[in-house]
Amino acid sequence: MKKIFLLTSMILLVASACNRDFDQPNPNSPTIASFWKSETDAVKGINAVYSTFHRTATLYSRFLFYHGMLRSDEGYGSGGDITLNNIMSFNQTNYNEGLTAGTWQNLFIGVFRANQVLAYVPGIEMNEGLKNRIIGEAKFLRGLFYFNLTLYFGRPPIILEPSEPTDRPSNATNAEAWAQVEKDLTEAATTLPLSYTGDDLGRATRGAAMGLLGKAYLQQGKYQEAVTALAFFITGEGKGLYSLTANYQDNFKASTENNSESVFEIQFRFNPNENTDDDVDETRINNTGTSIAQFYAPRGVGFSDGGARRWLIGEFEKEKTASGARDPRLAATLLFDSTDVRGPQFTMIYGQTFASRYGTNTGESSAVWFRKQLNDNEPGRTEEGFRSPNNHRLLRYADILLMYAEALNGIGQTAQAYPFVDMVRVRAGLRPLNQAAGWNQAQFLAQIKHERITELTGEGWRFADLQRWGELGPQLAVRDPEFTNFVKNRNEWYPIPQSDIDLNPNLTQNPGY
């Protein structure tokens with residue numbers, strides 16, 4: 001596990017992010033002219049693209065969880081970070097704020113790194129099979145970076161070559177940006193392997209490319225294209241490669257990573273000697289863990305900067321399992337006063353009962369925290385930190401099944417969609433849906449919306465779901481008061497950093513900002 005962390009001091013891979021005086025060359029650092037010569041260089045180059053995931057807090061170490069969860073109706077800024085709280089409540093006035101601008105900038109660092117691989121690896125004399133795989137990985141990763149840029153910023157410029165200081169790219173349209181995501185992922189799937197072993201475990205596979213491609217199509221309402229892409233898992237080459245784990249919570253524990261349900265994971269590793277999040281700082285040791293657990297953990301354990309909304313509990317309690325018990329996914333998803341169904345005297349929060357930590361008549365008694373990014377299931381764990389080794393399961397087979405059902409329903413094949421929802425339900429102990437009810441498309445979609453809450457809450461896809469369904473709007477304030485501030489045709493996307501617009505006259509700001 002966590003095999004792809006062989007980093008290199010390749011300042012050339014992200015020159016724009018390093019605070020060095022570039023008039024003074026560093027004799028110890030390779031240049032583009034001296035690098036990209038060997039198979040080893042190619043592997044180091046693609047590893048540096050993966051490293052973008054956890055360089056600084058702005059991507060999968062922390063901020064992308066904020067964007068996908070706290071900006072949706074399932075979460076909110078619950079701590080003392082006023083900037084975070086304002087942005088998550090659609091009250092952003094500084095368009096250069098690091099929470100959004102940093103995400104934009106580091107996603108483009110990932111694009112820049114991928115572009116270097118795609119520009120220079122084809123010219124290296126090396127094993128052709130490995131070369132093609134690395135090119136496929138770079139296209140997948142660039143597709144993922146652009147997926148996030150398009151989802152959260154709407155109109156990013158499309159940059160497909162290594163950037164130059166004089167470049168002044170214009171915004172793409174939203175459709176053009178999605179088209180580039182589709183192209184990268186489609187091409188990546190042709191050269192990526194079905195699976196890996198040994199030290200390569202965790203790299204992008206053909207299934208990862210097809211799963212993200214299906215999600216990109218679905219996000220645009222391209223249901224037939226989504227069905228075709230996701231059929232890879234049902235009737236295509238991916239059939240039988242993936243399966244739902246018997247224990248739902250195994251998808252969120254560091255001890256059960258890269259399991260049968262995993263389609264693609266962001267790999268993290270605990271590094272006790274780290275002293276920087278900047279992966280181009282040659283003088284220090286990089287943090288290859290994630291800090292999200294420290295910021296999501298309950299008060300007294302972590303900072304509690306991101307809380308979950310309590311309405312989610314009721315969604316899980318809408319139906320019992322076949323044996324009459326509570327949906328077991330609730331306890332795996334949320335920490336609150338009754339994570340243990342017996343109540344606060346039995347609910348454990350990092351070695352202490354909820355009642356002993358917070359009482360039963362305090363403001364904390366209504367608090368709810370996301371659990372899936374935490375490590376409280378580790379024996380003896382009493383605190384979190386900034387170096388969590390717990391991988392983020394970006395794409396799971398359960399998500400694939402629910403997306404496939406939604407896409408089938410979208411093309412009018414509702415009757416054929418039931419079995420894929422039922423697979424997810426039965427794993428949780430619920431009864432299969434009553435197909436004899438004869439739901440129409442709207443009724444079945446309403447059920448899918450419920451199923452995605454109970455299966456995927458706290459995994460970073462809720463904002464994308466709401467955006468796809470056209471449900472982002474002030475009407476959500478009935479369960480998330482922050483949406484009182486939501487302005488239609490504005491807050492669906494973040495503002496493009498003003499600093500980038502100031503430097504590039506060809507960039508224009510998103511509508512409403």
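**A first walk through a predicted model**

Hi everyone, let's start with the overall fold: the protein chain has 17 helices and eight strands. Its radius of gyration is 22 Å, close to the 24 Å that the globule rule gives for 513 residues, so the chain is as compact as a globular protein of that length. That radius is taken over C-alpha atoms, and the globule rule is 2.2 Å times the number of residues to the power 0.38. Helices (H or I, at least four residues) and strands (E, at least two) are DSSP runs, numbered from the N terminus.

A quick word on the model itself. It is predicted, so local features need pLDDT of at least 70 and side-chain atom pairs count only at pLDDT 80 or more, while totals for chains, interfaces and linings use all residues. Residues are numbered from 1 along each chain as its sequence is written, and side-chain values use heavy atoms, with hydrogens and water left out.

Back to the whole chain. Along its principal axes, the C-alpha trace spans about 65 × 50 × 50 Å. Buried residues make up 61% of the 513 residues; buried means under 20% relative accessible area, exposed over 50%, and partly exposed in between, with a 1.4 Å probe and protein chains only. Among contacts between residues at least 6 apart in sequence, 69% join residues at least 24 apart, where a contact means heavy atoms within 4.5 Å.

Now to helix 1. Helix 1 has 13 residues and reaches 18 Å from its first C-alpha to its last, close to the 18 Å expected at 1.5 Å a residue. The expected span is 1.5 Å times one less than the number of residues. How much of helix 1 is buried? The count is 10 of its 13 residues, so the helix is largely enclosed by the rest of the structure. Among those buried residues are Asp41, Ile46, Asn47 and Tyr50. The buried residues of helix 1 pack against helix 4 (98-120), helix 5 (128-153) and strand 2 (262-266).

Is Thr58 buried or exposed? At 8% relative accessibility, Thr58 counts as buried. Its side chain makes a polar contact with the side chain of Thr56, at 3.0 Å. A polar contact is a pair of N or O atoms within 3.5 Å; within protein, one must be able to donate a hydrogen and the other to accept it, and residues adjacent in sequence count only if both atoms are side-chain atoms. A polar atom of the Thr58 side chain also lies 3.5 Å from the backbone oxygen of Gly102. Leaving out residues up to four places away in sequence, Thr58 touches Phe63, Leu64, Gly98, Gly102, Thr103 and Asn106.

Two glutamates come next. Glu74 is found in the loop between helix 2 and strand 1 (75-77), and with a relative accessible area of 2% Glu74 is buried. The side chain of Glu74 reaches the backbone nitrogen of Gly458 at 3.3 Å. Glu74 and Leu312 are 238 residues apart in sequence, yet 7.0 Å apart in space, C-alpha to C-alpha.

The other one, Glu265, has its place in strand 2. Glu265 is buried, with a relative accessible area of 2%. Where does the side chain of Glu265 reach? To the backbone nitrogen of Asn258, at 2.7 Å. Residues touched by Glu265 include Gly202, His392 and Arg393, not counting residues up to four places away in sequence.

Last, the aromatic rings. Rings of Phe, Tyr and Trp (its six-membered ring) pair if their centres lie within 6.5 Å; planes under 30 degrees apart count as stacked, over 60 as edge-to-face and the rest as tilted. By this rule the count comes to 35 aromatic pairs. In one of them, Phe303 and Phe386 have ring centres 5.9 Å apart and planes at 55°, so the pair is tilted. Phe303 lies in the loop between helix 9 (292-296) and strand 3 (306-308), and Phe386 in the loop between strand 7 (369-370) and strand 8 (392-396), so the pair ties together parts that are 83 residues apart in sequence. Phe303 is partly exposed, at 38% relative accessible area, and Phe386 is partly exposed too, at 39%. Elsewhere, ring pairs link Trp104, Phe108, Tyr146, Tyr152, Phe153, Phe463 and Tyr494 into a cluster.
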